[in-house]
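Dear colleague,

Please find below the structure that I am handing over to you. My notes on it follow directly after.

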Amino acid sequence: MGKLGFRRSKKRGEVGKEGAESADRAVLPLPQSSLVVSSSGTSPSVAEEDVTESAAGATTPGSFEKVHDNPRADRKRSWVWEHFEEYTDTKVIKVKGKEDIIQEFRRAKCIYCPKGAVGDYACDSYKNGTQGMIRHINNSCKYYPGRRVVDKNQKLLVGDKSKGNSLKAVAYNPHEVMQACVEIVVVDELPFSFVEKQQGFRKFCYVMQPLFRVPCRKTLVKDFLKLYDKTKKKLKSYLAHHRVCLTTDTWTSVQNFNYMVLTAHFIDDEWVMHKRIINFCTIHNHSGNSIGKLIESCLIQWGINKVLTITMDNAAANKCALEFVRSKINKRENSESILEGKFMHVRCTAHICNLIVGSGLKRLNRAVLAIRNAVKFVRSSASRLDSFKACVAKEQVPCKGLVVMDVPTRWNSAFLMLEAALKFKKAFGRMLEDDDSGFAAYFKEPEEEYDEEGNVVPVKGNRNRVGPPTDEEWDKAEVFVHFLRVFYEITLRVSASNHPTIHTTFHDVLSMETEINKLFIAPEMQTGSETEKVLTDMAGHMSSKFLKYYGSFKDLNPLVFMGLVLDPRFKLLNITHLLKKEGYDNDIVEAKGKEIRDVLMSLYEAYAPKDAPAKKREVLSSSSQSTVTSTGSRGRASILSDWRKVVSELDEQVVAHEVDKYLLDPLEYTNDGESDFPILLWWKLNGPKYHVLAAIAKDVMAVQVSTVASEAAFSTGGRVIDNFRSSLTPKSVEALICLQSWLRGDDISYIEDAPDHITSASSSVNSCPPPKPKGKDATNASDEVVEVEDESENSGSDDSETS
């Protein structure tokens, strides 16, 4: 305030001097209606107007009106004068035939507001007070910095979107703001120096919250590592309540470091599916022994004992790694593996689909290359693209899109390129006829090859580019695109990681086999054309690749069948129906059905309470039951015996096991599409009806049939470890990628208190069952609850920490 006081004293002296100079001037008062007060603020304004003779006659020409002559007017006691500067505004009135009349007014200007009428007030001590200036500082001034500084404990009313925009009181918390700043850097993949170098970000923070001091890079890194350790500890306690399904893959960064990612998938007690990257660490080599040891060390670090499956691609090293991990988990004293890890290895369906399609693309290589070169010509320059658009307009092609380039190493991008190019087949034909377009001459130039960095590599032999595509090659591409569409949709479906895919995998495998068989042409339908020969050869190679991985479905993980059995729309009946439709004999179908049923029973025994009384596994008819010894009268025993005879004649059955009860219940019917069926919601509502099967479904539905979730982490890693941030240490890289996955994930819920009907192998530590259904189904479901003995005293629950 010292500077403000100095400025005020200086102005006060100037005003006093000007008042002394005008003290000798004689002025006669004018009518109040003829005065116009200037609002310019900092400089006097001159207003010219004509005054009537009557008004002029009442004044003395060339005189000044004195503002006041009281020395007490200079005493300024209000605090508001620390924010205002006083000045004198003069008024000049011209009178016809007379000398000008000059009047002076005392005014005050806000020292924060810019030039203008805002913040300009009359301050004559006889006529005006300071209330207007006080209201301006307290309420109106947008540039007063003191009013923006609020008490740290002062709460503000803000809208809460999570509760329907209801108002809640929020106070400024510097720790929460700092954590939000760290999350911006982690989630948006920004460099740590962002907070120092970005002037716009610092200004934004000051405008939003002047109390927050934007940290430097080193402080941000320290808080980032603290948040990583805190979140990791919290996630570790959560994972102890669930059985996880893992996916893993390896990758080499621009630093020439080998990284391995490990992603955990699980379903919480609210039947919400989650995925979390738990490790993104360096690995010395890609051998099976190294991968297995690193996975084991990661599981020990996280304290994970309950692993259902590990999904990998089909490399031989991964099979060795999985055998190593399975043996180490089974040798643990507190091992909680299911059936000794018999079904732990799950092959990546997306990788197998890629291998099958890749073997077919090799037989169609020339047609794909010709169309790719045609698309490359169109997209290589703006003039060529304009020429192509002109041909599209002449041919009146209805498609509004354009052709797209593909990535040669990804067959799904080749599918998208061929699909788009086929829509403009006529436009490419017109370009070939137009000599000015240069389209035909383009294919007479030598072929160019590029290395990994995009540099042109000289080609031996100087062969010309493949193309332009002929009508026969267009026909091959059209047939192949129709064929690839099924594989493309299957790849998208199995690559999902936020909702279950295990229950649709068997249908996808059968769809691949059906599409491959369609390429084979019956001998009586063959015409001997070149296209027909190529497609038949392609179908043969793809069929052999399919049989290598899915031949007779023997190598298919039994959990894939469990996913379909646990789908209430299909169950075991759908599997036997599909096998019969595929042409298998009844004996083989019955044997396969019995095998799947035995696997389900084995899972049931593994998940059932260890100290619960054993239940009969078969469905008993009335004729197979022994005679009941009644403690009552002989008349009641005869009534019961007679009723058994009636039930036997009606072929009614008594269900004595939960598995039989589930399999014999009516199938769930829905009019919606297969992908729209909320299978997790169904088990959430019907879980109380099948306690043990619900625990099995919770773990099986979390099984991943592809490693896409882990491969997606490499895309994040490629952005985090770019050429400009290659100096990041592996520890920082792991913390950045893992913390980003944790922050983007939804909240994890689990039931803290263990209920009485706990199973020993369910998802949580004490196998909490699904919540009870609500509404009219709640009564029926609760009436069918199976009672087992209470084991809460012996379970040793670890659920002391809440989420």
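Predicted model: local features only at pLDDT ≥ 70, side-chain atom pairs only at ≥ 80, totals over all residues.

Residues are numbered from 1 along each chain as its sequence is written, and side-chain values use heavy atoms, with hydrogens and water left out.

A search of the whole structure found zero disulfides (a disulfide is a pair of cysteine sulfur atoms within 2.5 Å). For Cys348, the nearest cysteine sulfur belongs to Cys353, 9.7 Å away. Cys348 is buried at 2% relative accessibility (buried means under 20% relative accessible area, exposed over 50%, partly exposed in between, with a 1.4 Å probe and protein chains only).

Five strands form an open sheet with mixed pairing, in the order β9-β8-β7-β10-β11 (strands are DSSP runs of E, at least two residues, and helices runs of H or I, at least four, numbered from the N terminus; two strands pair if DSSP finds at least two bridges between them). Its edge strands are β9 (273-282) and β11 (345-347). Strand β8 (residues 258-267) runs antiparallel to β9, joined by nine bridges.

There are 26 aromatic pairs (rings of Phe, Tyr and Trp, the last by its six-membered ring, with centres within 6.5 Å; planes under 30 degrees apart count as stacked, over 60 as edge-to-face and the rest as tilted). Tyr112 and Tyr144 make a tilted pair, 5.3 Å centre to centre with 45 degrees between the planes. Tyr112 is partly exposed at 21%, whereas Tyr144 is buried at 17%.

Yours sincerely
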